[in-house]
Amino acid sequence: MTELSSRRNTRVAASAHNVSAIPASDTNFRAYQRLYADAELIWITTQDSHRRKLLMRDLVGRILRTRTAGNGLDPNEFARLLVLLRNQPENNLRRLVIEEARKLRETCFGKAYSCMVPLELSSFCSSECSFCGWRARNRRLPQYTISKSALAEQVASLAKMGFTHFELASGDDLPFLKENLGEYVRIAKQVSAGIDPRCRVSICTTPLTEHSYKELANLGLDAVITWQETYSEELFYKYVLQGPKAHGITKDFALVRKRQGYLFRLQSIENALRSGLQVGIGTMLGLNIKVEAEMLSLILHAKLLLHSFPNALPLILGMPIWNATTIPGTDSRPVEIGLNAEKDFEFIAALYLLALPNRSAWVFPNCRVSLRTQIATVVSSGVFTSTSVQLVPGGYLDRKAVDGAFVRKSQNAELAIGEQFRHHYHDHRHYQDAFKKHGLNQVADKDLL
């Protein structure tokens, strides 16, 4: 591993609780406000500027040759390669990009990969997001809140299987999060670290204030994952209609009076970074028909964070796909738009990896695509991934133990079913065997820092 061992000590020295950051400023606030507009402008002008000036093979080759380890790709170069996504989807040129990403992945991370496992705490939600099965008005979806003992049981079982990163996820269940999130973080960290001291804990919940993140960090939290869903503010409020996601919250978990959810979601990433936590960002691929503008927005956001927090731990770049919900008749999405996830996923991941400086980001392929596509993407670009995902509270419990595992459940919750998006399920060992066939070795993500 060319860079893995040599840079690990540097990353650890800039530990999660000693991040040097440029203070939050009006400059970043304004940058967030214009982020999507800047991305759209880059996409439009880049297409116009290079059209027919160079053969695409020459252009792609030059961009890949001139990429630097310290900067990654310039946003305009990233946009030029984005032409291969849909406008000129030439497979031979895509393979050039993917092969360059594979070389970079091996240079930075060798044959290592790390697995995370999500554990849902509560599927109750007070936000109304029309693309999500857990939305507040969807009364047909069973809802549950897991007990502390059931969480501990699942964490212990999964840690013994070799998982070392536990993501605690939840719907926007504000009373539960206010009263219980800290204790659930503490339990997950204590139980997992008792089995393997390298274990880490992250959360994927409604965005929180810096005050809340600092309290959670003191209880053992290591990372925060927050998907922006869309960087288009107009589209965000078209799909996110009410609740914490639409408004944002105060440090007392009260809704902000005016709808500030879009900007609060972006600024919450800085709240987490200032609290010494690693962060994951991403845009939901397929929600916006302007996929290229979304991808450019994500890269502009990532570069802004890397500039503002130069000593932060690597960013996690997520790739959530806009899949269908799992209960027939409850999916309120319009007709699916944007991209062919199975065909485009590996190429998108390759672009993400190449876009940012070496080792500054972990590309995160997940189980919203088929096993075959996920494996191929990890081999070429991803180093952080998920396996054996069960996105319902109590999903990893023995079926006989489920009934006593919840402190709250809705009247129609007879079975632990009803995740908010469709995922692909395979046993963890099945993934491990597939990765081994490609020469990859599972490590704790702490070893990648």
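Glu99 is partly exposed, with a relative accessible area of 31%. Its salt-bridge partner is Arg102, and the closest N and O atoms of the two are 2.6 Å apart. The model is predicted, and a search of the whole structure finds 19 salt bridges.

**Within helix H5**
- Glu99 and Arg102 both belong to helix H5 (residues 91-109), where 3 residues, about one turn of the helix, separate them.
- Residues three or four places apart on an α-helix point the same way, because the helix has 3.6 residues a turn.
- Arg102 is partly exposed, at a relative accessible area of 29%.

**Around Arg274**
- Arg274 forms a salt bridge with Glu210, with the closest N and O atoms 3.1 Å apart.
- This pair links distant parts of the chain, 64 residues apart: Glu210 is in helix H8 (residues 210-218) and Arg274 is in helix H11 (residues 261-274).
- Glu210 is partly exposed, with a relative accessible area of 22%, and Arg274 is partly exposed at 29%.
- Arg274 also meets Glu270 in a salt bridge, at 3.2 Å from N to O.
- Both Arg274 and Glu270 lie in helix H11, 4 residues apart, or about one turn.
- Glu270 has 4% relative accessibility and therefore counts as buried, the cut-off being under 20%.

**Helix H13**
- Helix H13 (residues 341-355) has 15 residues and spans 20 Å from its first C-alpha to its last, close to the expected 21 Å.
- H13 is mostly covered, with 13 of its 15 residues buried.

Note on methods:
Residues are numbered from 1 along each chain as its sequence is written. This is a predicted model: local features need pLDDT of at least 70, side-chain atom pairs count only at pLDDT 80 or more; totals for chains, interfaces and linings use all residues. Side-chain values use heavy atoms; hydrogens and water are left out. Helices (H or I, at least four residues) and strands (E, at least two) are DSSP runs, numbered from the N terminus. The expected span of a helix is 1.5 Å times one less than its number of residues. Buried means under 20% relative accessible area, exposed over 50%, partly exposed in between (1.4 Å probe, protein chains only). A salt bridge is a side-chain nitrogen of Lys or Arg within 4 Å of a carboxyl oxygen of Asp or Glu.
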